[in-house]
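Subject: Structure for you to look over

Dear colleague,

Here is the structure that I promised to pass on, and my notes follow below it. Please keep it open while you read.

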Amino acid sequence: MAQTFRGRRRQEPEPVRIDLNGVFASAIGAASGIHPEELGTLRPRLAAAIETLQSERAQGLHPFLDLPQDRDAMGEMQSLAEQLREDVDHFVVLGIGGSARGARALAAALDANPRGKKRDAPELIVADNIDPASFSRLLDELDLSRTVFNVVSKSGETSETMAQFLIVRERLLRELGAMDYVKHLLVTTDAEGGSLRQIVNDEGFPSTSFPGGVSGRFSALSSVHLLPVALLGHDVEEILDGAAAMDERCRDRDPEKNPAALLAGVRYLLEVLHGVPTAVLMPYCDRLVPLADWWCQLWAESLGKRVERDGGRLSIGQTPVRAIGAADQHSQMQLYLDGPADKVVTFVRVADAGVELEIPRSYPDLEDVAYLGGHGLGELLVMEQRAMELALNKRGRPTITIEMPHLTAFTVGQLVYLMEVETALTASLFGIDPFNQPAVEEGKRLTFGLAGKPGYEDERAEIERWLAAKLPERVV
């Protein structure tokens with residue numbers, strides 16, 4: 001039975017806050033900023049988008065929205081994590097895209113000492129690409145007798161993941177033998193069908209199920225990604241509590257009190273009325289960089305669509321870009337400040353990093369150095385973010401700032417859920433389906449054809465014609 005947010009954080013709230021001052025004309029000028037009346041005009045559509053999303057949710061659609069409240073699978077998942085922690089040194093996720101990035105994002109955000117002393121927990125490795133040099137080196141370095149490979153594919157036919165699985169299975173079988181190798185593979189796939197589920201049924205691999213009706217990029221808060229996080233010893237209940245707290249805020253029918261709706265509304269207005277087709281996410285925290293990568297997939301794959309309108313075909317979608325503060329102040333920021341005014345930069349600031357390093361008071365006779373003394377390194381990082389926010393605003397460039405009071409399981413759960421709901425509401429404003437990816441499917445079909453999968457002969461012939469049409473003189 002689904003449980004509701006338990007509320008133990010109500011006495012000690014750590015809300016994630018969104019500062020939208022930097023998108024309005026009052027901060028960045030009438031030419032590039034949103035005017036209050038523009039948001040007011042959009043308000044009925046935003047309210048309708050919230051109402052539709054919650055109404056469809058009540059009908060059983062969009063089950064990703066209910067993941068924070070559904071704790072049924074948590075007990076079983078926690079037991080599995082505790083069992084694995086005893087016998088495993090390395091837990092390797094074999095997946096790609098939405099089957100891999102959620103686990104990496106959550107684990108990185110919560111690991112305060114990723115290069116510090118060893119903990120009584122396995123090492124998490126996310127092998128989400130098929131570069132043969134990297135994958136071969138990984139397999140050579142692992143003690144396979146102390147490794148579990150988590151094969152994650154909802155469909156059970158993802159080419160990259162299935163190729164990894166076949167290689168790993170053969171290696172395990174050869175080195176560990178037919179009796180022992182099975183327990184070193186944990187399969188996560190659809191509960192009912194698909195090739196991987198058939199393999200599980202035939203060979204008896206341990207398995208878990210991908211939640212029904214939840215697409216990979218919206219599954220970060222499911223047991224698929226929380227299992228590796230629990231394996232590392234992090235509090236997955238707190239992640240879900242944070243997400244549930246954000247869910248309460250995102251259910252509000254008043255768009256001006258709903259943080260996801262406000263974000264969706266300003267991004268929509270910036271793109272449609274103010275010519276801002278690029279969205280930059282710039283966390284000022286190394287531990288949030290993988291989460292920014294996860295968001296880039298969520299935003300691009302959900303919102304990059306073609307639609308038929310007014311008798312013509314229209315391409316929709318902001319291009320997501322990941323930047324890192326403060327490092328990219330010395331690279332990308334030059335473009336954001338002086339280049340085309342076609343970007344909105346969303347900063348993610350952690351108010352208290354949980355650790356501080358005081359900068360020594362040295363070289364008092366050198367003004368260019370001495371001013372730093374006495375400040376903290378985290379304090380300086382916050383200063384850098386505020387300075388860049390103002391610099392962009394002075395040039396009429398829109399900014400959004402998301403502030404996390406601390407980087408904890410509770411606040412990370414809030415941020416992930418906020419980003420998922422914002423994506424769904426933005427899609428509603430554009431009138432597109434955020435849960436499909438038809439263009440990606442075309443690439444998969446062409447790959448099937450090139451690799452010789454039965455039933456894709458036409459795709460193979462198409463590729464062969466395309467290759468034959470290439471002119472040698474245009475290859476230099």
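His62 lies in the loop between α2 (36-58) and α3 (74-87), where helices (H or I, at least four residues) and strands (E, at least two) are DSSP runs numbered from the N terminus. This is a predicted model, in which local features need pLDDT of at least 70 and side-chain atom pairs count only at pLDDT 80 or more, while totals for chains, interfaces and linings use all residues. Residues are numbered from 1 along each chain as its sequence is written, and side-chain values use heavy atoms, with hydrogens and water left out.

The backbone of His62 has a positive phi, near 55°, in a residue other than glycine, and His62 is buried, with a relative accessible area of 15% (buried means under 20% relative accessible area, exposed over 50%, and partly exposed in between, with a 1.4 Å probe and protein chains only). Tyr363, in the loop between β11 and α13 (367-370), also has a positive phi, near 50°, but Tyr363 is exposed, with a relative accessible area of 53%. The peptide bond from Gly325 to Ala326 is cis, with omega near 5°, and Ala326 sits in the loop between β10 (319-322) and α12. As background, most residues other than glycine have a negative phi, and most peptide bonds are trans.

Thr188 belongs to strand β5 (residues 185-189) and is buried, with a relative accessible area of 2%. Its side chain makes a polar contact of 3.0 Å with that of Asn150, a polar contact being a pair of N or O atoms within 3.5 Å, of which, within protein, one must be able to donate a hydrogen and the other to accept it, and residues adjacent in sequence count only if both atoms are side-chain atoms.

Helix α15 (residues 409-430) packs with helix α4 (residues 101-110) at an angle of about 145°, their axes 10 Å apart; axes are lines fitted to C-alpha atoms, for helices over the stretch in contact, and angles run from 0 to 180 degrees between N-to-C directions. Leu106, Ala109 and Leu110 in α4 meet Ala409, Val412 and Val416 in α15, contact meaning heavy atoms within 4.5 Å. Elsewhere in helix α15 is Thr423, which is buried, with a relative accessible area of 0%. Leaving aside neighbours within four places in sequence, Thr423 is in contact with Phe218, Leu298, Trp299, Ser302 and Leu303.
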